[in-house]
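Here are my notes on the model you sent over.

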Amino acid sequence: MGSTAIGQEPGLTVGVEEEFLLADAATGETTARAGAVLARTRNLPPRSGAQFHAELLGTQVEAASAVCTDLATLEHRLAEARGELAASARHEGALLISSGTPPLPGPVPPTSEGERFARIRDLYAGVVRDYEVSGCHVHVGVPDRDTAVAVVNHLRPWLPTLLAVSANSPYDRGSDTGYASWRMVQQARFPGAGLPPWFPSAAAHDRETARLAECGVVVDPAMSFWLARPSPHLPTVEVRAADAVPTADEAVLQAALTRGLVRTALADLAAGRPASRAPDDQVGAAAVWAAARYGLAGEGVHPVEERRVPVARLAAALLDHVAPALEETGDLGRTRELLGRVLRAGTGADHQRRAAAGGMRAVVEALAQRTSPNPPSPDPSTANGDAAHGGGRMDGIGAGTAGPSPETAR
């Protein structure tokens, strides 16, 4: 259900889908144990309220959070879900790691079971054979699809900055790519990747997705690779710019900034302020590329001024842009703290490179520790479930039925 369907104001409900990789505990290489790990999670008490899913490849799992209206609850539930998956992975001889790409890939992984996964594998062939990339997707409830499309128009200039803040995939098959987000480079191989086009209405958006399906470059109209979109099924905005981030705190930061952007857009729409058509296709692509190349460590592309500026300045401008909306929900202080921490200590990509001084195995170990510092026991007999803690789940605002993610084209 959307935000208005559960009696909440538009732009208040928020949830997060996090995609994770499984690495062999002995070698650090990715390992296709998703089926066994997910089977274990089905025996866990429902502490986090999350739903756990397979992804396209057998080396990946996904946690779709419960619907939340405040960041403190969201942070707790994300940490619990990570702990549940990490504990189940440990019992299968694996480590749960949150990284946009694997530091140490293993053998070519099998495709997960399912007719749609098979169609995706057959359509994209070698592009998805070892496409072990993971993202962090934020859903925010809005009243209807026309509003969702209008909100996405307002979000377009800020999507590269969300990527830069999240960058956490510097390695490809054990080698440093020189990029902060190699995931975004990998994703660019798909048709229609990058910033979403500007659409005047939901009908225009739906005509375009239907046209792409008719052209045979996506498996159905519910699939797209844009960094933000309206849910194909429910009244939500889904933002998919971010790499899988190493910590639950950084996932909360993405949720806070995204909800702030959506609420700011809703206020602009209510006041009759239209979305800028900027950036155009080329400048938008340049802004996404710069964010992927440098993360927060270099210069980005200002999507409206169409020139290079320090990415830290873009991050500060983003926080200023959403500050009134964050004040409304009481999140400004926490968001400023979380963003300041990333600006000072670096993105996940920076942390990975520092860990690599001890070798690539050390990168995997550091990621596992940051992903879930204290995973709970996966034995149902050692914990009491709390049915009241679960609340609504992400499929309630569109995640579980929202169609394909850009990482796995699910």
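**Notes on the helices**

1. Start with helix α11 (residues 311-329): its 19 residues, at 1.5 Å a residue, should span 27 Å, and the end C-alpha atoms are 26 Å apart, which agrees. The expected span here is 1.5 Å times one less than the number of residues. Helices (H or I, at least four residues) and strands (E, at least two) are DSSP runs, numbered from the N terminus.

2. Before going on, some ground rules: this is a predicted model, where local features need pLDDT of at least 70 and side-chain atom pairs count only at pLDDT 80 or more, while totals for chains, interfaces and linings use all residues. Residues are numbered from 1 along each chain as its sequence is written, and side-chain values use heavy atoms, with hydrogens and water left out.

3. Back to α11, which has a kink of about 55 degrees at Ala 323, shortly before the proline Pro 324. The bend at a residue is the angle between axes fitted to the seven residues ending there and the seven starting there. Just after α11, Gly 330 has a positive phi of about 75 degrees.

4. Which residues of α11 are buried? They are Val 311, Leu 314, Ala 315, Leu 318, Leu 319, Val 322, Ala 323, Ala 325 and Leu 326. Buried means under 20% relative accessible area, exposed over 50%, and partly exposed in between (1.4 Å probe, protein chains only). An α-helix has 3.6 residues a turn, so residues three or four places apart point the same way. The cover over the buried residues of α11 includes α6 (159-166), α9 (248-270), β10 (299-302), β11 (307-310) and α12 (332-345); contact means heavy atoms within 4.5 Å.

5. Now look at α6: eight of its eight residues are buried, so α6 is largely enclosed by the rest of the structure. Its buried residues include Leu 159, Pro 160 and Thr 161. α6 packs on α9 at an angle of about 170 degrees, with the axes 11 Å apart, and the two are therefore roughly antiparallel. Axes are lines fitted to C-alpha atoms, for helices over the stretch in contact, and angles run from 0 to 180 degrees between N-to-C directions. Angles under 35 degrees count as roughly parallel, over 145 as roughly antiparallel, 65 to 115 as roughly perpendicular and the rest as oblique.

6. In that pairing, Leu 162, Val 165 and Ser 166 of α6 meet Leu 253, Gln 254, Leu 257, Thr 258 and Leu 261 of α9. The contact residues split into five nonpolar, three polar and no charged. (Ala, Val, Leu, Ile, Met, Phe, Trp, Tyr, Cys and Pro count as nonpolar, Asp, Glu, Lys and Arg as charged, and the others, Gly among them, as polar.)

7. Helix α5 (residues 145-155) also packs on α9, at about 110 degrees with axes 9 Å apart, which makes α5 roughly perpendicular to α9. Thr 147, Ala 150, Val 151, His 154 and Leu 155 of α5 meet Leu 261, Val 262, Ala 265, Leu 266, Asp 268 and Leu 269 of α9. That contact divides into eight nonpolar, two polar and one charged. α5 is mostly covered, with eight of its eleven residues buried; α6, α8 (202-214), β8 (228-230), β9 (236-243) and α9 pack against those buried residues.

8. For the whole protein, there are 15 helices and eleven strands, and 60% of the 410 residues count as buried.
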